[in-house]
There are 2 protein chains.
Amino acid sequence: MAEVRNMQVVLRDYVAGFPKESDMNILEGSIRLKVPEGSNEVLVKNLYLSCDPVMRIMMIKVEAIDEYRHYTPASPLTGYGVSKVVESGHPDYKKGDLVWGITKWEEYSFITSSQICFKIEHTDVPLSYYTGILGMPGMTAYAGFFEVGSPKKGDNVFVSAASGAVGQLVGQFAKLSGCYVVGSAGSKEKVDQLKNKLGFDEAFNYKEEADFNSALKRYFPEGIDIYFENVGGKTLDAVLPNMRLHGRIPVCGMISQYNLTQPEGITNLAHLIFKRVKMEGFVVNDFYHSYSKFLEFVLPKITEGKVLYVEDIVEGLENGPAALVGLFSGRNVGKQVVVVSCE
Amino acid sequence: MAEVRNMQVVLRDYVAGFPKESDMNILEGSIRLKVPEGSNEVLVKNLYLSCDPVMRIMMIKVEAIDEYRHYTPASPLTGYGVSKVVESGHPDYKKGDLVWGITKWEEYSFITSSQICFKIEHTDVPLSYYTGILGMPGMTAYAGFFEVGSPKKGDNVFVSAASGAVGQLVGQFAKLSGCYVVGSAGSKEKVDQLKNKLGFDEAFNYKEEADFNSALKRYFPEGIDIYFENVGGKTLDAVLPNMRLHGRIPVCGMISQYNLTQPEGITNLAHLIFKRVKMEGFVVNDFYHSYSKFLEFVLPKITEGKVLYVEDIVEGLENGPAALVGLFSGRNVGKQVVVVSCE
């Protein structure tokens with residue numbers, strides 16, 4: 001059987017500091033579209049790839065952070081994507097099935113049964129949503145807000161990186177739960193979208209706030225019950241003294257710190273004691289057992305227009321490195337997706 | 001009725017930096033040993049006063065940290081103590097009753113019904129224990145370890161300030177729960193006591209560890225399940241990357257930071273995510289409803305010798321300021337108590 005082109009995005013070398021497009025190479029390899037005899041692997045064609053902040057952590061050379069699949073120089077990046085089965089050696093998958101889960105940054109990939117992989121059953125929504133609202137970021141927002149955050153009606157909720165893949169959903173879930181919600185983001189366009197499109201009560205551009213503490217006091221004169229943490233650093237340090245008694249801080253990410261060789265120090269942790277605050281890190285992998293419950297919750301809300309989802313879609317795998325790097329300067333507006341192929 | 005002497009320890013002025021004996025004054029006032037007609041206050045003679053790290057926080061001038069009773073310059077310090085009722089305007093207390101709870105640093109005090117106050121029913125133990133193992137620190141260790149820490153048999157437990165009023169109990173409770181326990185303290189004497197008297201599996205002098213991270217790796221090659229946080233700062237920052245998956249950090253205190261005008265920055269909080277760690281501040285006041293359950297648990301363990309308690313007892317209210325200040329240089333070995341009067 002003839003081989004076909006298999007363009008790949010590979011890591012050039014471990015990254016320190018801000019990632020650049022040149023930290024990745026575009027390679028034109030080739031692949032034989034055939035699952036080896038006796039193998040239970042699945043060969044997929046990648047349609048959409050997801051740009052996620054956690055990918056920055058996977059570019060670091062570290063000895064071991066449990067369960068993070070770190071990248072290897074000269075190998076393609078791995079990440080979440082939406083793919084179509086070309087050929088299957090596994091009884092659960094057949095040619096033509098649509099799946100989402102962990103794949104590689106290339107046109108065609110072999111997927112093993114140990115990788116996170118969900119079959120896509122609902123196709124009356126944009127397929128790209130399975131990299132976002134119906135995929136890992138959606139499940140992250142759902143688990144982090146409802147399971148870790150334990151919201152109650154009337155809670156005051158603050159979300160950082162609020163227009164991102166996860167943040168925009170946390171804010172909307174909070175509004176559906178009867179909470180007061182304020183988001184921070186990094187541009188006027190994002191702030192307008194949060195207030196006028198996504199239904200946040202308030203939003204502000206953190207780059208325009210010289211004194212973050214007084215900004216928070218302005219929006220939360222009575223304090224914050226839930227801070228959904230996406231950014232870390234100065235934002236977290238300003239939030240801590242503004243937490244309310246028995247507040248919760250689900251820690252989803254700390255994107256502001258991933259590119260710093262020395263992270264910013266957090267000095268206000270004693271407020272965890274004063275206000276009896278629970279700060280809890282979580283990883284979506286621990287919650288995938290609730291994925292079908294999540295779909296039951298969110299699919300009707302999408303079709304009824306009660307939850308919106310903003311995507312920033314870039315065409316072409318060769319434009320993937322720029323899209324991924326853009327996450328860290330906040331270039332994207334909404335969930336950053338890379339289209340590899342439309343079908 | 002004649003008045004009697006009422007020696008008091010009063011705060012001279014708000015404190016910045018390390019507290020000094022001279023931040024407090026000894027005053028010789030006087031008091032009429034009589035509850036005013038119609039008042040429901042209780043007049044007590046203070047027997048033992050407790051030196052607690054939280055008293056440092058109460059010396060700061062701050063606008064409002066909810067529920068902390070901050071000191072007022074020229075007024076006596078408040079704190080926990082053991083006292084004997086001299087006269088009572090309150091139906092629940094009568095002359096001769098022994099009580100423990102919030103009182104003032106003086107020989108005689110009026111206590112109001114809104115103050116935390118427990119009647120002492122068991123007197124077959126040293127009365128001073130009600131400032132420690134049978135009082136606020138005991139209840140703190142119990143609630144923080146069992147309720148916030150959620151220990152399981154076989155857990156790896158690390159306790160900082162391990163020979164202090166709370167730490168020595170956390171370690172012993174952890175051993176009773178089938179955990180592996182390591183404590184850190186600030187002198188050879190304390191370390192020996194932890195290992196040879198209090199039953200810790202291991203203990204080390206943090207002042208002798210140039211690289212705290214490798215010390216933790218040595219004692220916890222498989223990581224830490226529960227870190228009972230008493231000190232904050234560099235210790236916390238070294239602990240975070242050594243936490244185990246789904247670890248818990250009950251945050252009881254951060255004594256290393258209370259005297260710094262600028263707290264040390266914590267840079268490793270992203271490990272809360274990597275390891276799904278829950279870090280939770282708590283205050284003992286939220287757990288006093290379990291006090292009788294705690295007594296049922298701990299009293300037999302004291303009489304059977306299964307739990308020991310080390311006290312550092314100073315005689316005389318006039319020596320109280322030095323005893324209190326000594327907490328912050330680690331001068332005390334065990335729970336620091338001041339004897340005001342023996343009966």
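Colleague: What do the side chains of A:Asp286 and B:Arg276 meet in?

Modeller: This is a predicted model, in which local features need pLDDT of at least 70 and side-chain atom pairs count only at pLDDT 80 or more, while totals for chains, interfaces and linings use all residues. Residues are numbered from 1 along each chain as its sequence is written, chains are lettered from A and ligands numbered from 1 in the order in which they are written, and side-chain values use heavy atoms, with hydrogens and water left out.

The side chains of A:Asp286 and B:Arg276 meet in a salt bridge, at 2.8 Å from N to O; the term denotes a side-chain nitrogen of Lys or Arg within 4 Å of a carboxyl oxygen of Asp or Glu. This pair crosses between chains: A:Asp286 lies in the loop between strand E13 (278-281) and helix H8 (291-303) of chain A, and B:Arg276 in the loop between helix H7 (271-274) and strand E13 (278-281) of chain B. Helices (H or I, at least four residues) and strands (E, at least two) are DSSP runs, numbered from the N terminus. A:Asp286 is partly exposed at 26% relative accessibility, whereas B:Arg276 is buried at 4%. Here buried means under 20% relative accessible area, exposed over 50%, and partly exposed in between (1.4 Å probe, protein chains only).

Two salt bridges are counted between chain A and chain B. B:Asp286 forms one with A:Arg276, with the closest N and O atoms 2.8 Å apart.

A:Ile273, A:Phe274 and A:Arg276 supply 24% of the area that chain A buries against chain B, more than any other three residues. Buried area is the accessible area (1.4 Å probe) that two parts lose on being put together, summed over both.
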